[in-house]
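Please walk through the structure shown below, beginning with a sheet and then turning to the surfaces that face the DNA.

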There are 2 protein chains.
Amino acid sequence: MTLHRVTTTGRVVDLLREQILSGALPEASLLRQEKLAAEFGVSRVPIREALHQLEAEGLVTMQSHKGAVVSSLSIDDLEEVYEIRARLETWLLEQSMPLLSEQHYQKAEALFAEMVEDRRDENWSNLNWDFHATLYAPANRPQTLALVRKLYLNAYRHFPLPIRLTGSREKMNREHRILLDLCRQGDVARATEHLEQHILMGARHLISRLKALRRQEGDAGRA
Amino acid sequence: MTLHRVTTTGRVVDLLREQILSGALPEASLLRQEKLAAEFGVSRVPIREALHQLEAEGLVTMQSHKGAVVSSLSIDDLEEVYEIRARLETWLLEQSMPLLSEQHYQKAEALFAEMVEDRRDENWSNLNWDFHATLYAPANRPQTLALVRKLYLNAYRHFPLPIRLTGSREKMNREHRILLDLCRQGDVARATEHLEQHILMGARHLISRLKALRRQEGDAGRA
DNA sequence: CGATCAAAGATCGGATCCAATAATATCAGG
DNA sequence: CCTGATATTATTGGATCCGATCTTTGATCG
């Protein structure tokens with residue numbers, strides 16, 4: 001669609017965003033311009049512009065003459081983002097459900113099957129998003145969908161995949177299965193209720209894992 | 001709060017954002033780097049970085065080697081943004097209403113009175129936002145509030161004040177009065193319902209004014 | 001021995017310069 | 001006179017250089 005001509009700054013932005021969202025650059029990492037410039041084999045200018053751009057996206061915070069760090073979400077913020085998602089996604093589903101066609105269901109089923117079968121974790125986030133987005137598609141709310149997607153990625157960043165998924169895949173699969181069935185049955189109230197719980201449960205799981213991780217790190221720090 | 005040390009880029013960002021949101025730079029305006037640089041008395045570098053930053057915020061769109069233009073929202077997009085606002089703000093009110101204290105009411109009343117009395121238009125947007133935000137404050141949802149504020153500004157931009165307000169001030173005032181009273185009565189259901197209608201009516205008014213304006217421009221073009 | 005201040009080094013922000021790309025004008029051919 | 005190729009110009013993107021600011025180290029003094 002938007003086929004911007006590739007520019008160095010743009011590529012740097014994409015690379016850094018990818019690394020931040022994937023967790024390769026954990027939160028609070030220092031981003032030295034010179035280091036990144038050398039790493040990517042470019043001058044510092046596109047790095048600086050990329051950092052500014054990412055700052056506007058909320059992924060890094062910059063302090064002038066001090067440096068840029070990968071920004072971090074507090075647990076409260078994380079929870080709130082999930083709650084916003086729940087509020088908006090239930091709304092999307094409410095609108096799209098009456099309009100879901102067999103084609104949408106087939107696509108959702110295919111994505112669901114892929115998520116069940118694929119044992120590797122790397123694609124899970126994308127598949128999960130695609131699954132949800134498929135169910136919301138008929139609502140025809142591009143702005144809302146883009147916003148929710150941004151929140152989705154933003155909430156997931158910083159958490160290496162094993163942390164996100166450990167002990168929750170089967171649960172997620174079961175919930176997705178139920179969600180699909182409820183949609184097919186046309187029960188809007190129960191489907192949206194289930195979706196809300198699904199999202200909020202995901203938040204709770206992620207937060208408990210995160211707290212455990214921080215406790216662990218705290219212990220390591222004390223040792 | 002965030003007291004970054006002032007940097008040229010930062011100031012340029014703030015200036016351009018202000019000009020875009022206020023309508024001084026109408027949508028689809030071409031933003032020539034050299035022109036802006038001369039205007040602000042700086043080199044092109046901070047201009048470029050500012051433009052990139054604003055692009056990430058969604059206020060301008062850049063095409064490499066072609067230039068930057070002030071981005072525009074379609075009418076559909078505008079309507080959708082208002083609907084998102086309605087969905088989120090009713091949620092905020094729902095949570096905050098039980099927690100509203102006399103202090104909040106007094107602040108809201110003061111802002112309301114200011115909006116009624118102040119015949120000048122310049123402050124209206126800010127006062128209006130502050131009024132709404134005051135009612136949502138007890139919900140203690142900083143992320144949501146920041147997001148809604150962004151949507152609020154984004155939806156209002158491009159519309160010179162006279163267009164936004166003509167023939168709607170009295171209506172807005174009446175609706176605000178009712179909203180305040182419903183809050184005081186503690187009727188959550190009716191208050192949120194009223195708020196939703198208030199926001200959606202605002203959208204409808206703005207869109208009709210916008211369509212009239214475009215029709216008018218179309219006629220002028222044909223003449 | 002610890003604290004404070006100064007100087008050196010590191011890093012960032014901004015200006016200038018150069019290269020790459022798109023828009024525009026010019027000219028040849030039909 | 002119109003169309004298409006080519007050259008010129010305007011504008012952007014990127015690299016290098018310079019000045020400003022922050023950090024760190026080390027020396028001096030209490």
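**Sheet and DNA surfaces**

In chain B, β1(B) pairs with strand β3 (residues 67-70) in the antiparallel sense, over 2 bridges. Strands count as paired if DSSP finds at least two bridges between them. Helices (H or I, at least four residues) and strands (E, at least two) are DSSP runs, numbered from the N terminus. This is a predicted model, in which local features need pLDDT of at least 70 and side-chain atom pairs count only at pLDDT 80 or more, while totals for chains, interfaces and linings use all residues. Residues are numbered from 1 along each chain as its sequence is written, and chains are lettered from A and ligands numbered from 1 in the order in which they are written.

Within this pairing, L30(B) is opposite V69(B) of β3(B). The open sheet has 3 strands in the order β1-β3-β2 (chain B), paired antiparallel. β1 (30-31) and β2 (60-63) of chain B are the edges, and each has a single partner strand, so one side of each has no neighbour in the sheet.

Now the DNA. At least two residues each come from α2 (33-40) of chain A and from α1 (8-22) and α3 (44-57) of chain B; α3(B) gives the largest share, 3 residues.

Around DNA strand D there are 19 residues, with T8(A), T9(A), S43(A), H65(A) and Q33(B) nearest. Here α3(A) supplies the largest share, 3 residues.

Methods:
Near = placed C-beta within 6 Å.
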